[in-house]
Amino acid sequence: MHGEYKIPGGKLVVVDVDAEDGVLCRARVAGDFFLEPDEALDAVNHALNGAPVDTDAAGLAARIDAALPEGTVMYGLTSEGIAIAVRRALAHATDWTDYDWQLIHEGPQSPALHMALDEVLTAEVAAGRRAPTLRVWEWGAPAVIIGSFQSLRNEVDAAGAARHRVEVVRRISGGGAMFVEPGNTITYSLSVPEALVQGLSFQDSYAYLDDWVLGALGDMGISAWYQPLNDIATDQGKIAGAAQKRIVGPDGRPGAVLHHVTMSYDIDGDKMLEVLRIGREKLSDKGIKSAKKRVDPLRRQTGLPREAVIERMIESFRGRYGLSQGKVTDAELARAEELARTKFSSPEWTARVP
């Protein structure tokens with residue numbers, strides 16, 4: 001069995017391993033990491049051999065740590081990363097390059113339709129009728145997008161939203177509220193087969209699916225990192241937030257993962273504060289006095305037009321994994337328009353948590 005895992009902010013770990021009589025055997029760890037002393041690699045392999053096949057990542061990491069020679073130095077490598085690669089091997093996880101990725105980047109659409117497209121396209125990936133897809137959004141109107149489990153009245157100032165003509169919609173994924181305006185926001189979705197994140201914990205899947213965009217930001221001169229559970233941050237502040245939803249495949253078969261990210265290219269902080277109810281507790285646990293300081297826009301950090309940032313992100317993805325131009329099919333669009341009307345524009349859905 002073969003498993004690979006790119007450690008966020010680190011190097012690639014490759015594990016080949018067999019299993020006999022319920023335990024791991026013939027483990028072989030490799031990669032482009034740095035490890036001293038040389039005999040530490042043999043210690044890692046020996047630590048994996050003999051482990052029960054159902055040992056979780058934490059248990060495997062503990063075995064590795066206990067076996068490492070004193071003074072071992074890892075660079076671009078962690079015992080946890082090795083353990084995750086093993087779990088991915090045992091789960092027969094796929095890799096990014098196993099797929100023919102499609103790009104969808106179309107004209108501005110309403111907030112409700114964007115919510116519906118996420119659900120429809122990810123369901124199509126789960127059913128095997130659509131290739132894994134990167135969809136870059138263009139916003140047709142300003143909006144507040146609240147998480148699936150958030151209270152509408154706790155998160156949104158209804159009077160402020162009405163005054164600024166900001167549409168309020170609820171998405172199918174969890175997480176916090178987002179304030180978006182056309183031209184000031186960069187949003188993208190990944191609709192991927194569940195096999196791509198097999199062997200990863202829920203938290204690790206966020207870091208794994210965000211890694212490519214960290215590389216794209218790095219190419220633009222921004223040193224960014226994944227900040228658990230679902231933020232992308234720099235030393236200047238948070239620049240993006242992610243959310244996920246798992247969709248089961250037909251007849252209960254392995255399905256697909258929706259991973260979407262909203263990045264602040266620019267932001268009207270005063271308007272945001274009039275539309276969102278930013279609680280004191282939410283700010284205090286981050287040691288921040290002003291909500292405006294929680295987000296540091298990409299416009300200031302890159303000095304690039306929004307369109308250039310998006311193009312560089314797309315080219316970075318294409319260079320890593322390949323990416324061909326795709327589109328929303330007529331059938332997908334029809335289904336999404338129906339959902340936008342009957343679900344995502346309905347008061348019952350938007351206020352399902354009042």
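Analyst: Happy to. Axes are lines fitted to C-alpha atoms, for helices over the stretch in contact, and angles run from 0 to 180 degrees between N-to-C directions. Helices (H or I, at least four residues) and strands (E, at least two) are DSSP runs, numbered from the N terminus. This is a predicted model, in which local features need pLDDT of at least 70 and side-chain atom pairs count only at pLDDT 80 or more, while totals for chains, interfaces and linings use all residues. Residues are numbered from 1 along each chain as its sequence is written, and side-chain values use heavy atoms, with hydrogens and water left out.

Now to the packing itself. The axis of helix 7 (residues 202–219) comes within 9 Å of the axis of helix 11 (residues 306–321), and the two cross at roughly 120 degrees. That angle makes helix 7 oblique to helix 11 (under 35 degrees is roughly parallel, over 145 roughly antiparallel, 65 to 115 roughly perpendicular, and the rest oblique). The crossing is right-handed, a label used if the near helix is turned clockwise from the far one by less than a right angle, with anticlockwise giving left-handed. Contact means heavy atoms within 4.5 Å; on that basis, Asp211, Trp212, Val213, Gly215, Ala216 and Asp219 of helix 7 meet Arg312, Met313, Ser316, Phe317, Arg320 and Tyr321 of helix 11.

Rings of Phe, Tyr and Trp (its six-membered ring) pair if their centres lie within 6.5 Å; planes under 30 degrees apart count as stacked, over 60 as edge-to-face and the rest as tilted. The structure holds 14 aromatic pairs. One of them joins Phe34 and Tyr75, with centres 5.8 Å apart and planes at 55 degrees, so this pair is tilted. Tyr188 and Trp212 have ring centres 5.2 Å apart and planes at 65 degrees, so they are edge-to-face. Tyr188 belongs to strand 11 (residues 185–193) and Trp212 to helix 7, so their pairing ties together parts 24 residues apart in sequence. Tyr188 is buried at 1% relative accessible area, and Trp212 is buried at 1% as well (buried is under 20%, exposed over 50%, partly exposed in between, with a 1.4 Å probe and protein chains only).
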